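I opened the notebook to record a few look-ups in one structure. The entries follow in the order I made them.

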Amino acid sequence: MQNTVGSNVESLIKLVDDKVEALEFRVRDNCRFIDVPIKDLNIRKGIIIAYITHKGVSKVATGDTRIQLSDTVIIISKVAGLRDINDLLS
């Protein structure tokens with residue numbers, strides 16, 4: 001899926017008979033949790049922030065990782081229909 005109108009998803013891959021999605025988001029200035037440690041976020045059940053690329057450096061996300069403006073974030077989700085990075089929050 002390419003970045004469609006009304007969606008901030010950069011790419012989407014369906015896995016496990018379409019029960020799981022891997023989504024790529026580019027962090028824009030409307031993100032409500034820029035510079036907040038992942039461990040302090042109230043992330044919806046069934047979603048994992050897996051991987052972040054910041055200024056060309058890619059790493060596995062940990063609880064202490066802080067998402068920054070222009071980062072690329074890879075999400076693994078059992079929740080279908082995510083269209084914006086803010087949809088990760090409960």
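Does Glu21 count as buried or exposed? I looked up its relative accessibility, found 6%, and noted Glu21 as buried, because the cut-off for buried is under 20%. The model is a predicted one, and I read every entry here with that in mind.

**Entry: Glu21 and Lys14**

I placed Glu21 in strand S2. I then checked its side chain for a charged partner and found a salt bridge with Lys14, at 3.1 Å from N to O. Lys14 counts as partly exposed, at 44% relative accessibility. I also listed what Glu21 touches, leaving out residues up to four places away in sequence: among them are Leu12, Ile13, Lys14, Ile75, Ile76 and Gly81.

**Entry: other salt bridges**

How many salt bridges does a search of the whole structure find? I noted four. Side chains of opposite charge can pair when their charged atoms come close.

I looked at Glu10 and Arg28, where the closest N and O atoms are 3.2 Å apart. This pair links distant parts of the chain, with Glu10 in strand S1 and Arg28 in the loop between S2 and S3, 18 residues apart. Glu10 is partly exposed at 24% relative accessibility, and Arg28 is partly exposed at 31%.

I next took Asp64 and Lys39, which form a salt bridge with closest N and O atoms 2.7 Å apart. Asp64 lies in the loop between strand S4 (57-60) and S5 and Lys39 in the loop between S2 and S3, so the pair ties together parts that are 25 residues apart in sequence. Asp64 is exposed, with a relative accessible area of 53%; Lys39 is exposed as well, at 55%.

**Entry: Thr72**

I found Thr72 in strand S5, residues 72-77. Thr72 is buried, with a relative accessible area of 11%. Its side chain has a polar contact of 3.1 Å with the side chain of Arg26. Beyond neighbours within four places in sequence, I listed its contacts as Glu24, Phe25, Arg26, Tyr51, Ile52 and Thr53.

**Entry: nonpolar core**

Which residues have the most contacts inside the largest nonpolar core? I noted Phe33, Ile49, Val73, Ile75, Ile85 and Leu88, in a core of 21 residues. S1, S2, strand S3 (47-54) and S5 each give two or more residues to this core. S3 gives the most, with three residues.

Not counting residues up to four places away in sequence, Leu88 touches Phe33, Asn42, Ile43, Arg44, Ile47, Ile49, Ile75 and Leu82.

**Entry: Asp87**

I located Asp87 in the segment after S5. Asp87 is partly exposed, with a relative accessible area of 27%. A polar atom of its side chain lies 3.0 Å from the backbone nitrogen of Arg83. Asp87 is also in contact with Arg44, Ile47 and Leu82, with neighbours within four places in sequence left aside. I checked one C-alpha distance: Asp87 and Ile43 are 8.9 Å apart in space and 44 residues apart in sequence.

**Entry: nonpolar surface patch**

Which residues make the nonpolar surface patch of about 260 Å²? I wrote down Ile13, Leu15 and Val16. Val16 sits in the loop between strand S1 (9-15) and strand S2 (20-26). Val16 is exposed, with a relative accessible area of 55%.

Terms used
Residues are numbered from 1 along each chain as its sequence is written. This is a predicted model: local features need pLDDT of at least 70, side-chain atom pairs count only at pLDDT 80 or more; totals for chains, interfaces and linings use all residues. Side-chain values use heavy atoms; hydrogens and water are left out. Patches are made of residues with over 30% relative accessible area and no salt bridge: like charges are joined within 9 Å, nonpolar side chains (Val, Leu, Ile, Met, Phe, Trp, Tyr) within 5 Å. Accessible areas come from the Shrake-Rupley method with a 1.4 Å probe; for residues, only the protein chains shown count as cover. Helices (H or I, at least four residues) and strands (E, at least two) are DSSP runs, numbered from the N terminus. Buried means under 20% relative accessible area, exposed over 50%, partly exposed in between (1.4 Å probe, protein chains only). A polar contact is a pair of N or O atoms within 3.5 Å; within protein, one must be able to donate a hydrogen and the other to accept it, and residues adjacent in sequence count only if both atoms are side-chain atoms. Contact means heavy atoms within 4.5 Å. A nonpolar core is a set of buried Ala, Val, Leu, Ile, Met, Phe, Trp, Tyr and Cys residues joined through side-chain atoms within 4.5 Å.
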